[in-house]
Every structure is written in C-alpha cells, then in structure tokens.
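Q: Could you take a close look at one part of this model for me, a buried loop residue and what surrounds it? I'd like it talked through in one go, with a few other spots for context.

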Amino acid sequence: MPAFSRELSLTLAGRLAQLPPGPFARLSLLLADAKPAKEPISLAIGDPSGPVPEFVKEALAKSAASFGNYPAINGTEDFRQAAAGWLNRRFALDGAIDAQKNLLPLNGTREGLFSVLFPFMPERKAGARPIVAMPNPFYQCYAAAALSAGAEPFYVPSLKANGFLPDFANLPEPVLERMAAIYICSPSNPEGAVADQAYWQRLFALAQQHDFIVLADECYADIWFDRPPICALPASQSQSGGFNRLLSFHSLSKRSGLPGLRSGLVAGDAELIEKFRAFRNVAAPTVPTPLLAASAACWRDEEHVAVNRAGYARKMAAAQSILGNRMTRPGGGFFLWLEVGDGEAFARRAWVEQGVRILPGAYMGREVFEGPEGRPSSEALVKAPEKIQANPGFCYVRVALVNDLSTIMAALERLREILD
C-alpha cells in the first residue's frame, strides 16, 4: 500500500478509511525529495485570488457592528433578495426563484456540497446500501460526503469519448435502483466540460424515473469563453416547469474571485431547501452577517464579474498561443486538462526540470474495480488488483490559470519545453 494510503488509514476510522487521499497531500509526497532546477511557480491550486472590490470592503465596514450578533441560518432578507434577483436574472427564470422558499446561503459551497446528503440519505434503498454517484475525476468533497452519510460512492468515468461528462444514463439498472443522489459539476473541475440541454434533460428524467436528487455543482458557471453554459435551473424549468429533485450550488469564490469570503448559495426544489434548512439549523455553520452584506453586494453587481471573466479569457488566449494544439480550450472554468501520457511522471518532471508545480490528474480520480453489477468495491480492489480499471485521470495533468498573466505565461513556456 502506498505511503499516503497507509497514512490516511491510520488517521480516519471506519468507512472513512475508504476516502480517497487528498490530491495536494499526494502531490507534496510526490515532490518531497525533489529540488526544482528553476525558480518555483505553482499552477497546482485553483485559488482565484485577486483584488477585493471596493464595494465589498464598504459593505463589510458598514455591517461590521453585526459581528456582535448571531446570524440566522436563512441569512438576511437583503441577502435572500439579492441572491434570488441574481438567480432569476442570470438564468432567465422569470421570477421562479422565491427568495423565501428556493434558496439558502452557504458558508462556502464546499460545506454545502458536503452537508447536503445528510438530511436526504435513506438507510437502505432497493434493499441495499444507497449509492451516491459522482464524476471520476471528481472534487474530493463528494466522496467524503457520500461516505460520511453512509452511502456508497460510485465513480463514473468522465472520458474524452463522452465529452468528459459522466454517462449516468447507461449505468446498470441495479445501480440506478440504489441511487439516492448524483453529483454533477458543469463547467467541470478539472476538465472544463459543459453539459448541454440534452444532457440535463436525460439526467432529470433519470432522477424522476429512479427517485434520486441531482446536486449540480455550478461554481464555475460565470467563468466561460464563447458562450454562457446551459445551467441546471433553467434546464429543469424548461423541462418540467420547476426544480423538482434539483439543488444547484453557486460560489462567490469563483464568480467574484473571493475565496476568502467563504460564501455561496444553494437553490432549487423548495421542499428540498426546507428540509436542508431544518437540518442546517441544528448542524451547519451560519454565514456572519457582515459577510452576507458583502455577498449581497456581489450578487447584485455584474461589472466585477465581467472584469474577472475578461481576465480569464486573456489567460486562456495566452495559453493557446503558447501551447497551441497541445491543449484543448475548455468550455468554462480556469483549468487546463493536458494529456501527457503519465500525469504523475510528467508532474514530477515539470517540477524537477522546470520548477512548475502542477497536479497529476490521477490524484483527482479513482481506480475502480469492475465488481458485481459494475459496482466499485474497495474490498475487491485489494483482493483482485489485476482487475483495476485505468484511473480516468492517469494520462492528464491539471493546470490552474489563476496567477497573474505574466507568471502564467512564464510557467507555460517552461511546460512547453517538456511537452511532446
């Protein structure tokens, strides 16, 4: 067993021992004994840091006195109205999002994506442990949530052949019968793939047929290049007239470039929102009121979002100019998903020879055993390692275009020297 797996097993007990190791902990181990030949540049972490808009500072200052009061789990009326207004405008929902019924503030979307399973997870479904499906590669929070809620994570490959979007519709029937929830990220992390209307419609029809909820992680929805992505809320509304079985998650970390604000929202099915609110009222963190004031200001303003998006467009254009056909421009987000043969070996070489820190794609993915009914099984994985499928991220590295433009260009020019 690799050192990082032994370390994790010693740290976490019970079913959480199945949790995939953290990608950045693995990267640190991979590079621990290597000294870079050039001044280090990190393009490994998707930290969209940038200047804080003045209106955010002003909103925080004006509301600072409210740090002296406990915030409500529902947020403030000002926040709810601002968030509902943005959702209705951004997705042309014609007022379908009710500020009181269809949304909640989140202390960053990661905590919402993690905690959302707990109030909805049955003990059994179709006579067995429920399944939560997710893309592979995936945001590690999804697997942590599934395991913590008592479900079995089911890793569905996101391959070039299917446009880097997981093909949930062709899962075996016994798997679909046990499905309690599906995580889907669009634009996706790490590939930048974007679901179209037909994809969403197939997914919602599947959810209706097999009685599961759709958890749409749309944190990158406002970072796009050619056209805005088709998103879950309008796709659901156009199909069914509402948001049945859907919860959509959005983040100011990406949209506004404010990861330190730790603020996001979840919106969708009013019944699901109410159950989630009741659970959160006793078990989840609230968002401090001054942060809600700053968040409301962000949801109301589009100018700073357009500035951020234009900045990412310049970075992506620079990447295309430097890398040419060695890269494929994503539909959204701020990552490059470069096919390099052996992602882990390439990441180590990039660090040793060029001083560029990037993330092996396999560190965001999971090897999957072809067990009964196509079900991944960690026990079988140990007993029959010869039946492991290739990790869908094995051939790739993820490159984050979040630094300033000159730093990104310098790093990509170094990477070009070792790309075949």
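A: Contact here means heavy atoms within 4.5 Å. Keep in mind that this is a predicted model.

With that cut-off, let's start at S186. Leaving out its neighbours within four places in sequence, S186 is in contact with A193, V194, A195, W200, D217 and E218. As for where it sits, S186 is in the loop that runs between β5 (179-185) and α8 (197-210). Is S186 buried or exposed? Buried counts as under 20% relative accessible area, and S186 comes in at 1%, so it is buried.

Now for another loop residue, F225. You'll find F225 in the loop between β6 (213-217) and α9 (232-240). F225 has a relative accessible area of 14%, so it counts as buried too. Setting aside residues up to four places away in sequence, F225 touches Y312, A313, M316, R329, P330, G331, G332 and G333. Take G332 from that list: F225 and G332 are 107 residues apart along the chain, yet their C-alpha atoms are separated by 6.4 Å.

L261 and F225 are 36 residues apart in sequence, and C-alpha to C-alpha they are 25 Å apart in space. L261 lies in the loop between α10 (252-255) and β8 (264-268), and at a relative accessible area of 8% it is buried. With residues up to four places away in sequence not counted, L261 touches L252, L291, A294 and S295.

The crossing of the two, α13 and α16, is right-handed. On the α13 side, the contact is made by R314, K315, A318, A319, I322 and L323, and on the α16 side by L405, I408, M409, L412, E413 and R416. By type, the residues of this contact between α13 and α16 divide into 8 nonpolar and 4 charged, with no polar ones.

Notes. Residues are numbered from 1 along each chain as its sequence is written. This is a predicted model: local features need pLDDT of at least 70, side-chain atom pairs count only at pLDDT 80 or more; totals for chains, interfaces and linings use all residues. Side-chain values use heavy atoms; hydrogens and water are left out. A crossing is left-handed if the near helix is turned anticlockwise from the far one by less than a right angle, and right-handed if clockwise. Helices (H or I, at least four residues) and strands (E, at least two) are DSSP runs, numbered from the N terminus. Ala, Val, Leu, Ile, Met, Phe, Trp, Tyr, Cys and Pro count as nonpolar, Asp, Glu, Lys and Arg as charged, and the others, Gly among them, as polar. Buried means under 20% relative accessible area, exposed over 50%, partly exposed in between (1.4 Å probe, protein chains only).
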